[in-house]
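Subject: Structure handover and notes

Hi,

Here is the structure I promised to pass on to you. Please have it open while you read, as my notes follow below.

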Amino acid sequence: MTGACFGSIFGFMTASSQSAASADSAELEIKNVLLVDDDEELAITLKQLLESHNFIVTTSSNGADALREVMAFDFDIIICDMLMPKMAGDMFYLAAKTTKPQMANRFLFVTGHADNPKVDSFLKSIDAQVVFKPVLTEELVRMISLVLQQAENAEKAAAQ
């Protein structure tokens, strides 16, 4: 894995990380992503990164607004920060799960608070997929693929 972080989309990505990212994106179909993060600069960077990997990205700066998005549309994946104003990631997850249970297995949490006991407890309680900030580009794409595959498997199992 290379050291390409989110800032790498602004010209810091190495040639080897570009080819690795291109290989990963070739495996991914166009998917709809809901990106929920109150850090506007990070959200813009992540949106550009995801769009460069053929995702259609809708952004929301808090859980309350994101819940309205979830009620209006079934996203393929939800990338969600944990600590946000109005409605934190854990409360947004629980509200989304109550409103649309099929969305619960489509969450990928991103947080810079690995040492926060409340965050850690919540993520363990739901056996969540999580990426800790700062995130490597390849790690984010890999985790998105993992969540998409797990959601597809869960939906196939539920249909049987």
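One definition before anything else: buried means under 20% relative accessible area, exposed over 50%, and partly exposed in between (1.4 Å probe, protein chains only). This is a predicted model, in which local features need pLDDT of at least 70, side-chain atom pairs count only at pLDDT 80 or more, and totals for chains, interfaces and linings use all residues. Residues are numbered from 1 along each chain as its sequence is written, and side-chain values use heavy atoms, with hydrogens and water left out.

Confidence

pLDDT is the predictor's confidence in each residue, from 0 to 100. Its mean over the protein is 83, and 82% of the residues reach 70 or more. Among the elements, β3 has the highest mean, 97, while helix α1 (residues 15-27) has the lowest, 42. Over residues 1-26 pLDDT stays under 50. Where pLDDT is low, the predicted coordinates should not be read in detail.

Overall layout

Helices (H or I, at least four residues) and strands (E, at least two) are DSSP runs, numbered from the N terminus. The protein has 6 helices and 5 strands, in the pattern α-β-α-β-α-β-α-β-α-β-α along the sequence. Of its 160 residues, 44% are buried.

The cores

A nonpolar core is a set of buried Ala, Val, Leu, Ile, Met, Phe, Trp, Tyr and Cys residues joined through side-chain atoms within 4.5 Å. The largest one has 23 residues, and L34, V36, I78, C80, F92, F107 and F109 have the most contacts inside it. Two or more residues each come from β1 (31-36), α3 (63-72), β3 (77-81), α4 (89-99), β4 (107-111) and α5 (117-125). The largest share, 4 residues, belongs to α4. A second, separate core of 20 residues includes V33, L46, L50 and I144.

What does F107 touch, leaving aside its neighbours within four places in sequence? With contact meaning heavy atoms within 4.5 Å, the partners of F107 are I78, C80, F92, Y93, A96, Q129 and V147.

In α4, the buried residues are G89, D90, F92, Y93, A95 and A96. Their cover includes β1, α3, β3, β4 and α5.

In α5, V119, F122 and L123 are buried. Seen down the helix axis, the buried residues of α5 fall within an arc of 95 degrees (taken from the directions from the axis to the C-beta atoms), so they line one face of the helix. P117, K124 and S125 are exposed on the other side of α5. The cover over its buried residues includes α4, β4 and β5 (129-132). At the start of α5, a side-chain oxygen of N116 comes to within 2.8 Å of the backbone nitrogen of K118. After α5 comes D127, with a positive phi near 55 degrees.

Backbone points to check

Most residues other than glycine have a negative phi, and most peptide bonds are trans. N54, in the loop between α2 (40-52) and β2 (55-60), has a positive phi near 70 degrees. N54 is partly exposed, at 41% relative accessible area. K86, in the loop between β3 and α4, has a positive phi of about 70 degrees, and K86 counts as exposed at 72% relative accessibility. The peptide bond from K133 to P134 is cis, with omega near -5 degrees; P134 sits in the loop between β5 and α6 (137-159).

Best wishes

Note on methods. A polar contact is a pair of N or O atoms within 3.5 Å; within protein, one must be able to donate a hydrogen and the other to accept it, and residues adjacent in sequence count only if both atoms are side-chain atoms.
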